[in-house]
Amino acid sequence: MCLRNLLRRRFRTSLCIFGVCLATIFIVAIGATTTNYTTVIRDMNVFFGGDVVVVAEGAMVIQAFPVVGGNLPVSVVEKVQQVNGVKTAVPMLVQFGYQFEAVIQLAPTNVSVGIPPGNWSVLVGHTPLNPGGDWPSPDPGKKEVVIGSSLAKQYDLTVGSKVKTENTNLTVAGILDTRSALLSRSIILPLELAQHLYYGHTMWIGNMVVAQPEEGVTEKEVADRIEAEILGVEALTTHERNEIVEPLLHDIETWNNGISGVLYLLSMVLVITVAMMNVSERRRDFATLDAIGAPKGAIFRMVLTETMLIGLLGGLSGIVLGSIAAILIASIYTNIPLSMFFFDLFNIVSPLFMMKILASTVAVSCVAGVIPAIAASKMNIPEVLRSEY
Amino acid sequence: MIVKTRELTRTYRLGASVITAVNKVNLEIKEATFVSIVGPSGSGKTTLLNLIGLNDHPTSGKVFFKNEDTSLLTNKERRKIRLQSIGFVFQTFNLLPTLTALENVELPLALAKIPLKPQREKAIQLLEAVGLADRLQHRPKELSTGEMQRVAIARSLANNPCLILADEPTGELDSETGYEIIKLLLSLCRKHKTTVVVATHDERVAKASDVKYSIRDGMITQDSG
């Protein structure tokens, strides 16, 4: 009956559902995109946990990785190694890539990391290689690399495949078996090869040094000593790296929540307006129901069910379209084909997130239905019936 | 006595002035009678029916339903009486437009929480009784005005009420169809011993009634004969 009541004003109901759907699309698309973005950023600080990251002064660091500027001279590695309390100092050349296999994109979609051979675990931890693969040869002349699983899947690469980056043909020696957002899009190669590829020489060691403290020495102590003893560098502890990015992530989440709140509010206003129009037009119907003895609760529930249906239909269609929008954004942003995301839909927009959005949309519609439902159930029968004649 | 009123008064405030729609009405309606309340538009017929039907509260005076003082009843109890003991027939039928004829008749049964199967059987039986066996699945807009009023009458009978209040039931109908409706209401009164109170300005209805009241400016008088 409620559905039929809604269908009686098809155009108006469709517009209202469309409005709720549109708001939900934005909530899902923006929510999923920001959630993924913040998750990836937070995921980045999983790397080098407990170690000190040394970068050039003024370098822009996002979590554990310098993204802009700050090359370090070769001498820095030795200086860091000599600081009291430093167990090992591993230099790295991190380069966020905008081009892979001759495809150029606007945003970085892969990250090349040059590491001295044998120190791979400093970056990848215990992440294994797919069967049949091996770590790159220390000989830079062999031009071997290990690539992340997502890159391998996207470009259909296997062990032995050739990839072209920075106008150089590289051979895939192994594929990382990982779901980490950063590692799955990484190209790991010997540091010297990376230096040749990105600098053309080996005067710069790269843009970061990972310093592991000795047992009994804290990150903070090591970081303080490095900064005191070596000029022109910054030494960041895990906590400091988090502190750099957390306010930004917090701002992003606040904006996301704010935008979602405004969109929910708009949905609510839309549902209230349409439901009030419906109630106002059906005054006679409600008065009739009242006159024949319908309990107030039954009339209240009828209106509430109608607004809930609007929320449910708008929410469901919004989630479907919003999820498509989210993977479309992710595809455009990363230049990863849309088809790859379809299989990974629930990673981009998690079922829990979908359920939350649906529950929120339905709840908002129900709340929006309360005022019209009260108006319908508190109708003055004699006044409405008298006004007919 | 199914309905009795004592000094029943209902006033409305219209801006600064007070309008007395029903003025100290004393009325006694016996069981199984066909009563007409005749009066011109604005004389207070609808207000009186709303008061008798427990849809409205009097400004002063009392309505007794089956000798029970209704002023002492809660709104919930008044609703229960409306649902189970009173049937309403409106001038403009007041059928729910999204429901079929069958569903409209089922509505009071559903509200009274009658199980689905007997609900349906009763509704079909009522629609057959008013001659609409072939219109069960038609929506109000697919029915003629006469058919709509028949559905409304069937709906009013759904919970076997002891009292039917009909407000200008022939007002929207042509003369012939109006006559059919009157015959139907009269037969209900005679066959089922249901009390029928009709507010009207149709003289044919008044002539057919057992008791005729006239109402003018909210004041009622019983006509002899």
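Analyst: Angles under 35 degrees count as roughly parallel, over 145 as roughly antiparallel, 65 to 115 as roughly perpendicular and the rest as oblique. The model is predicted, with local features needing pLDDT of at least 70 and side-chain atom pairs pLDDT 80 or more, while totals for chains, interfaces and linings use all residues. Residues are numbered from 1 along each chain as its sequence is written, and chains are lettered from A and ligands numbered from 1 in the order written.

In chain B, the axes of helix 3 (residues 101-111) and helix 5 (residues 145-156) come within 8 Å and cross at roughly 25° (axes are fitted to C-alpha atoms, for helices over the stretch in contact, with angles from 0 to 180 degrees between N-to-C directions; helices are DSSP runs of H or I with at least four residues, strands runs of E with at least two, numbered from the N terminus). Helix 3 of chain B and helix 5 of chain B are therefore roughly parallel, and their crossing is right-handed (the near helix is turned clockwise from the far one by less than a right angle). From helix 3 of chain B, A101(B), N104(B), V105(B), L107(B) and P108(B) meet V151(B), A154(B) and R155(B) of helix 5 of chain B (C-beta atoms, placed from the backbone, within 7 Å).

In chain A, strand 9 (residues 144-148) is mostly covered, with five of its five residues buried (20 or more other C-beta atoms within 10 Å of a residue's own, C-beta atoms being placed from the backbone; 12 or fewer is exposed, in between partly exposed). E144(A), V146(A) and G148(A) point one way from strand 9 of chain A, and V145(A) and I147(A) the other way.

Conventions: Two residues are in contact if their C-beta atoms, placed from the backbone, lie within 7 Å.
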